[in-house]
Amino acid sequence: MLDTTAFDLRRYLQGNTHTIGVWITLIVLILFGLMRYDNFGGAYNISSFLNYNAMFIVIAVGMCFVILTGGIDLSVGSVAAFTSVVAAYLSPYGIQVALPGAVAAGLAIGAINAFFVVAMRIPPFIATLATMLGAKGGALVISGAQTISIDWGSNFTKLGMEKAFGVLPWTIVITAIMVVGLWIVLEKTSLGRTVLAVGGGEDASTMMGLSVIKAKVFVYVLSGGCAGMAGLFLASGFGAGQPLEGVGWELSAIASVVVGGTLLTGGLGSVPATVAGALLLGLVFNILNFENGRGVISLSAYWQMVIRGAFLFVVIVFQSRVAASGKKGVV
Amino acid sequence: MSAENKPMSSTQGDGLRRLSFDWKRISKNGGALALLVILAFNILVTPNFLHPQTLFVNISQVATIAIVAVGMTLVIATGGIDLSVGAVMALAGALAPLIFTSPFAQANPELGLALAIVVPVLVALVCGVFNGFMVSYLNVQPIVATLIFFISGRGIALVLTNGNLQTFTHPGFSYLGTGKVLGFPFQGYLVVVIAIIVWWLVNHSVFGRQLLAVGGNEKAAKLSGVPVKRVKIGAYVICAGLSGIAGLIVVAINSASDAARIGNLMELDAIAAAVVGGTLLQGGKAPIFGAILGAVIIQLVKYTLLANGVADEVALIAKAGIIIMAVYVQQARKE
Amino acid sequence: MTHLIEMSGICKAFAGVIALQDASLHVQPGEVHAIIGQNGAGKSTLIKILTGVYRKDGGRVMIGGQQTKISTPREAQDAGIATIYQELSLVPLRSVTENVMMGYEPRTRFGMIDWSAAHLKTQEILLRFGVDIDVRAQLGTYSTAIQQLVAIARAVSMKAQLVIMDEATSSLDDQEIDILFGVVRELKKEGVAVLYISHFLDELYQICDRVTIMRDGQTVGQHVIAETTKLGLISEMLGRDPEEIEAAGMTALGGQKAQPGEVLLEAEGIATKHGLKNVSMSVRKGEIVGLGGLLGSGRTEAARVLFGLDDLTNGKISYKTGPDRLNTPAQAIEAGVGFLTEDRKREGIIPHMSVRENMTLALLPRLKKMGRVDRKRETELVERFITSLGIKTAGMEQPIRELSGGNQQKVLLARWLALDPKILILDEPTRGVDVGAKFEIQSIIRDYVEKGLGVLLISSEFEELVEGADRIVVLQDGYSVTELQNPGVTEESLIAAIAHHHEKGAS
């Protein structure tokens, strides 16, 4: 009989070959950093690293869900910029208003995406491209193309500065809760499994009697909500709503998802590996900073774009090899 | 699955056919109609719209969008997409000043200028080969394959220039962006020449026919002996090459090269122009002059809004609306 | 007694084309019921109406004596009908457990999916079928047979009263079929009815209780299977007199030999990963060789391998006009081989393109003149073919999608004839075209054969094979089992050859 309770590492690894790469690379990079740089493992570096990358992690996880259905959401960067402005405007009323406000704004734009994709049957790529432009325009309009300073007197500032239970900044705690929550949704709920099934085969899912439409609406709205949360973090991290930020975030998010082993055609992927992917891409930048700090080399920040691209290339080639070995026949 | 059950047009009733015909006509000429409406609006409302200067400004601004849109149209015609156009523009645009300001080029001005134009375009072509290879041989989805250069292409450009704004005075090179022939901007002529060449390619060459066949029905094309992989690579190479040229023009217009900004969001403009011009996202159609028309419409909408005191940012929302409208009309026609 | 399923007077049309006309189906609880019929007889449409994929235009569906209005697959599932489709309706990327439990997962107290329970339950159901596999592994890593069984396990887990199996055995080997049949018997024992759709008649006698026969969208017969003969079933399926078939079968030998031209293509003992096990045949100049056999006998697979689309795992092919190994369609075309595919829409026409462009697609390399298409030669050629093949079109610039099926087919035929091929493989060249066009297409082919073309003709219509082919190679389950020579072949003798070999295969 199967041992169905104990966690079996070997079984996990066998079933998740596509995610092994990202974990190993992540561990190697962390070890490399720990051995090479004095302050790499210091509380300050860890905390500020996570604090800065929280918004990318949140966006990547939302993107992961969309990609799992075989779709894509290009609007996340603009949505984050938009909601950062919303958050800044709402900051005088305190975090209890700003947080739901920013997230709701994100959810609303996500709902628009869902409407375009599901009801109007516009390809996800084009639909979210349009909302990307729209949200960017919206952010610039409501902000007058200026950064909108947050209200430093309100409790909004606590989000980035005060530590929850005196340990970690609230940003990180919220991110962790979201990640774990969405992980559970994906792994342990019908909705999550439907998301995976839809990406694995939309027709088959319909035949199985699953609610394909519900799953699709869910992922786009979720992705919008995640972007909304990222916008909140952006506003708190920079002390201002940033209508011009968010350019290229969607691509970083897609890269994180892909590096995390999620198939771009959908149906296969995981939340933790996506987080690992996002951390990995962030770490490249972090290590580059440290390396420059040592003064041995001086690689500009621009190198991180090149390195990210190279990373993506390697992962994609690897993925395409894996995919090719599973298929046969030319026509 | 239910493909064989779709109605054949031959079995449709006459009334239905006529109805769909009219609808087709409207959506087919939607672009031209939109252009007329915008022009009429501008003539009536926008101050100084009929001034020649307005025309020149618009021509010089639309040129880069139009050139890239032509390339994008070819890629979309194969059923693909190229996100890397803006990054390739940045790469080419960053390379050119590096070359003509180098000591070697200073010593040999003519050769230097030639190299400054040829080398960046060659580099762009190489990017296209890479994109095409990823798509056709590694079977990577076009969005993802071109995402690689989207990210790293601009990175390379920034690394090369160390993120600095390169300003220069080089009348020879600047001619690309500021030169005038018979009073009209040089790049306007360039657009026309490129459009005619590519139009000829699509409509009269073997390559063009095969390109449309690949986009129209890849399986059928393959079974008819069409070299599908090579054709696809060809489309990406041409698109990248044209992006390279567009990058040079941008740099020439500004007499400055800022790798962080050249071609930013160009992929969106180019896709929008192609779609507005009637290119089907599923592939199989490459209306080159349609793409030019699309580029003109997008440029004019932007100009109209700006000239009438509407903020730049609202223009973005308008652009979003245009894209959704154009694709929705396409989808509706299909169903 | 009450029927479990009672469908009567079912009508369905797709865009004016009638697919079902007054079709009926009666399934009793706990029986294994077969539906047979030729392609296009309406079997799949009937099933899809029952399972809520299509909506019926008219008629009545009763389940357990109650009238129902099933309109989605989900509703059908909830009504106790589970379907295992020909094209597997599972998600290969997900685990076995998920595929079994999807949508009906066991929950923990907190409303979360209880994976341990789900794995256990799946494991348990599969073990009952004698299948012991890791249920956490991706479904796609298992063989098609296991996947079929997983689909059945899903049906069982949902407590289905009726399991529909559409061509369940078409991609299984003998051992796997045995396992599957074991499971079907197991289901029957538990009182679950099975609706079984198959082209393999032998199978029906092994596991089915009753059979419903469909032809041209209608139900033409329903029998207890033990009271039928294979010959009787085939004749009813085809609408022929069984005695004629029987009589012809007795005198099938003899006849004159066709005049042998030089051999253009010879296949010896070829086999592929999918479908072909041991097929030998040859095509000579100026003759039509027919490939006969029921669906799934390996006809299309043979065509694909001869055109260089699939790899050989065994055997040898030699072409008179080219290298013995063709790897791409371009090479095959170069070697003078053409292939008119079965699926006109998916593998033939380029819908947006004009008649002219569709016709000259394969010819483009030869129309090339300094990189451009030689429009003058192209136009002349297209004009010539439009006239000589009698293609009805408003002009060569009309998009091909606006043409009727028969005219589309003529354009595709012209695509290959324009290449002046030595060998032309025709896979169902007249399927879905009207009678007039069919006759024209056949006579065009005949004309070219008289001029020296070698044709390999695949057809599900025995009439076409018998009247058109000089020789007929009969395929069965991936083997070439016999060869009939014309003149002398009659439709009945061909059917008899197919049927007799079926009898032999069963013994």
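This is a predicted model: local features need pLDDT of at least 70, side-chain atom pairs count only at pLDDT 80 or more; totals for chains, interfaces and linings use all residues.
Two strands pair if DSSP finds at least two bridges between them. Residues are numbered from 1 along each chain as its sequence is written, while chains are lettered from A and ligands numbered from 1 in the order in which they are written.

Let's start with chain C as a whole. Its C-alpha trace spans about 75 × 55 × 45 Å along the principal axes. Chain C holds 19 helices and 21 strands; helices (H or I, at least four residues) and strands (E, at least two) are DSSP runs, numbered from the N terminus.

Now zoom in on strand β3 of chain C, residues 32–36, where 5 of 5 residues are buried. In a regular strand the side chains alternate between the two faces of the sheet. Here both faces are covered: C:V32, C:A34 and C:I36 are buried on one side, and C:H33 and C:I35 on the other.

So who are the neighbours of β3(C)? Strand β8 of chain C (residues 193–197) runs parallel to β3(C), joined by 4 bridges, and C:A34 has C:Y196 as its bridge partner there. Strand β9 of chain C (residues 210–215) also pairs with β3(C) in the parallel sense, over 4 bridges, with C:T212 opposite C:I35.

Technical notes:
A residue is buried if 20 or more other C-beta atoms lie within 10 Å of its own, exposed if 12 or fewer, and partly exposed in between; C-beta atoms are placed from the backbone.
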